[in-house]
Amino acid sequence: MDKKSFQGLNDKQVEESRRLHGENILTPPKKTSLWTLFLEKFDDPIIRILLVAWVLSMIIAGVHCWGPEAKGFTAFLEPIGIFFAIILASGVGFFFEVKANKAFDVLNTVNDDIEVKVIRNGNISQITRKNVVVGDIIMLEAGEEIPADGHLIEAISLQVNESTLTGEPIIAKTINEADFDEEATYPSNMVMRGTTVVDGHGVMEVELVGDATSYGKVYEGSQIDNNIETPLQVQLKGLAGIISKAGYTIAGATFIALLTKLFITNPNLPLMDMIGHILNIFMIAVTLIVVSVPEGLPMSVTLSLALSMNRMLKTNNLVRKMHACETMGATTVICTDKTGTLTQNQMQVYKTNFYNLPDQQLKDDELSNLIKEGISVNSTAFLDFSDSKIKTLGNPTEAALLLWLHSQEQNYLTMRENTPIVEQLTFSTERKYMATVVNSPLLGKKILYLKGAPEIVLANCKRVAIEGGYKSVEETKNGIEKQLLDYQNQAMRTLGFAYQIIEEEHTGSFFSEGKLIKETDLTYLGIVAISDPVRADVPAAVQSCLDAGISVKIVTGDTPGTAKEIGRQIGIWKPEEDTDRNIITGPGFEALSDQEALDRVLDLKIMCRARPTDKQRLVQLLQKKDAVVAVTGDGTNDAPALKAAQVGLSMGDGTSVAKEASDITIIDNSFSSITRAVMWGRSLYKNIQKFLLFQLTINVVACIVVLVGSILGTESPLTVTQMLWVNLIMDTFAAAALASLPPQDRVMKDKPRKSGVNGDFIISKEMAYSIFGVGILFVLFLVGVLLYFYQDGELSAYELSEFFTIFVMLQFWNMFNAKAYSDKKSAFANLSDSKVFLFVSLLILIGQYLIVTFGGQMFNVVPLKWEDWGIIIGITSIVLWLGEIIRFFGRLKK
């Protein structure tokens, strides 16, 4: 059909169409304001407990400031410290997420100003993609992205890459109803926004623009918030509940006990004195609640996540949502796309079978010249060498042949430019072959080259070039068909090649009515198998996930045969073990009821011919089975599933829709980066557990000290400012030290922790025994120290400074025990890889020395002698040595 016969819309119709159907722009997701992003940090359950503690602390401070004791402004030091702990914890998380979002915005820039060719007012002109309207006539050529949804009114050898929507890299498009593919996801005469023309050309009429397109609907669906809590959020909420209950229970029990004691010992107190005593008992109970709250915990968790977020970026994981760092470690199922994630998304020659070329290496002989010239000139594809990675332009299958020539150190472009073409038939889905007649400078003759479906090419040949000579087609047909079947079973594409040297006396055309004439004398050269190869690092990375107890499921729009073959290559599909129960198509999955799907969902290894809604439903059903699901994908079709999962992992070169829906972007598109993210997440969880062990031991000691002191009627030997140093500054340093510990490869040998209602709690039984056991031992030791100092009936300022230093040093050495928790190795193991830990440890020592030496009245301390420093460090280090002995015998048991 002549392009000039299309009139297109006139200017008035364009404006009317834009008014009725809108512009061709996707409504961008509503950006979360900085203020909202900051306030979201206060959803953390531990932060909320801290806010309650801050309010209670303000009440205590008010009483101490303006009550009978009249302590003045110093009474507000503790609430000010808690306030800064809250702001720091929320501020650090806010800063790192804003920083990651800025990096993401740069990565995810969408350009709506790309120009397309449109017919309007009877003329061909160029307009930007965003100005396309419903009813426009768009001309499509190879390499161009389709700007909107519409139907074809002309299609010449048109092939479209629909991988962004369906996962299918090449789909043949036609307007001939007889050639329609009934199994295709989208009708054969329809083209969709976001897909790309890889070969041929065509003309389309726009039917849908902007948000109304299939691309736009998926984009819109991907913005719906899934409101799924991460495993760490669930764990911290549970921990916050336990801390709250424990604090209120201890406070309540203490209040009742002291009140009972008051009424028994002083039953006849005057009313006002009685009210004063009851108020004092209430203040003690409130103090216990405040002391039971680990003020440094939100800061430590945030710092751990922030450091991991920053360091994961160096391993090509751009984390946008902080909690996603840890959630990767809790993952039990990874649902991965095939094209571009498991495979390279670039067709390559798997094997060549040119029967007269024994070693398959091109030389400077007639046969080699026929092969390389035939591939070079009988093609419409190109290679782009402008970047470090070679890009392919045009039909991916043809481009794979050019890549193979390049690997053989042959310049296809030089041969193509130096070889005059006499006549040519481009590839079409109807013919299933391409033919070109050239005047060959390499052979000095006119040659006909034929390339296409092997069985079609073979049917047009008279002989087969094989074993240094020729054989008839009948003699070799069975062997060739067996070869083809073998490649097809491996989900590979195949091409057959033939040639004919044309005698000088032949003057007519070899083509008639768009086909080869019957009077040809073609010789069959052989076949080439082409595939989208699995990325080299994927099988090992997948095996690492399987060893770690993580189930890997392929979810693709491709055919069952291709999906099973890729599954076999990466190690998740076992042909001798797996059955039809382990694989399902998208339509088959949709036909299952929720109960039927739930019964089968954990057994599924492959879902093929999957549509966006199928992927999303799969994720949601897995979550109902208490699975923690990570979804990987690079296409728009993956966006709903990416959003529904606990962790969405988009690829760096994926569509903007996929990246917008994800939590982490894998910049290098490597599945092994996902495995590293799992290792980071698991190591991070272990580090948080180590900090909790350290922090909660301090809280147990502080609670018992306050409780015992209140019952005995004595003041705490530790001042508010001293406890602020321990609970806020020192704990923050310890958090940085423990969060900086390098990830351990061995965590990938552990099974995932259980999630859900009956999941594993962040404080294990072993940790609980250690927290309370070590806490009670510390209290007994500290009471012994106090009794030793109290022999003369009072505590001097020097002795109180020694007591404060002993308390801090006990926690200092316990930090080394916390470092070794779960590893069961010596605390001194891998110290060379823990430079930050050593540096922070040194900072804590220096900080304690400076506070004791120069803190004076503010910290209620006096400088200590060097020999006393040595004695304190030596005696308190017993904590570490006892831990080393216990770990040593623990290793012997193994």
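The model is predicted, and local features were required to have a pLDDT of at least 70, side-chain atom pairs counting only at pLDDT 80 or more, whereas totals for chains, interfaces and linings use all residues. Residues are numbered from 1 along each chain as its sequence is written, and side-chain values use heavy atoms, with hydrogens and water left out.

Three cavities of 30 Å³ or more are present in the structure. A cavity is a set of points, on a 1 Å grid over the protein atoms alone, where a 1.4 Å probe fits but cannot get out, and lining residues have an atom within 4 Å of a point. Grid points are joined across faces, edges and corners, and a volume is the space filled by probe spheres set on the points. The largest cavity has a volume of about 190 Å³. It is lined by 19 residues, of which K690, L741, Q744, K819 and D823 are the closest to its centre. Helices and strands are DSSP runs numbered from the N terminus (helices: H or I, at least four residues; strands: E, at least two). At least two lining residues of the largest cavity are supplied by each of α22 (671-712) and α25 (797-820), and α22 contributes the largest share, four residues. This lining comprises six nonpolar, seven polar and six charged residues, where Ala, Val, Leu, Ile, Met, Phe, Trp, Tyr, Cys and Pro count as nonpolar, Asp, Glu, Lys and Arg as charged, and the others, Gly among them, as polar.

The second largest cavity has a volume of about 90 Å³. Its lining includes F354, L370, Y449, K451 and F497. Two or more of the lining residues come from each of α10 (366-377), β15 (445-452) and β18 (493-502), with α10 giving the most, four residues. By class, the lining of the second largest cavity has nine nonpolar residues, two polar and one charged.

An open sheet of eight strands shows mixed pairing in the order β8-β27-β26-β25-β9-β22-β24-β23; two strands pair if DSSP finds at least two bridges between them. Its edge strands, β8 (317-319) and β23 (583-585), each pair on one side only. From one strand to the next, the twist averages 20°. Strand β8 pairs with β27 (664-666) in the antiparallel sense over three bridges, and L318 stands opposite T665 in β27. Helix α19 (612-624) packs on the sheet, touching β9 (333-336), β22 (551-555), β24 (606-608) and β25 (629-633), contact meaning heavy atoms within 4.5 Å. The direction of α19 makes about 160° with that of β25; axes are lines fitted to C-alpha atoms, for helices over the stretch in contact, and angles run from 0 to 180 degrees between N-to-C directions.

Definitions and conventions
On a 1 Å grid over the protein atoms alone, a cavity is a set of points where a 1.4 Å probe fits but cannot get out, and a pocket is an open set with protein on both sides within 12 Å along at least five of seven lines; lining residues have an atom within 4 Å of a point.
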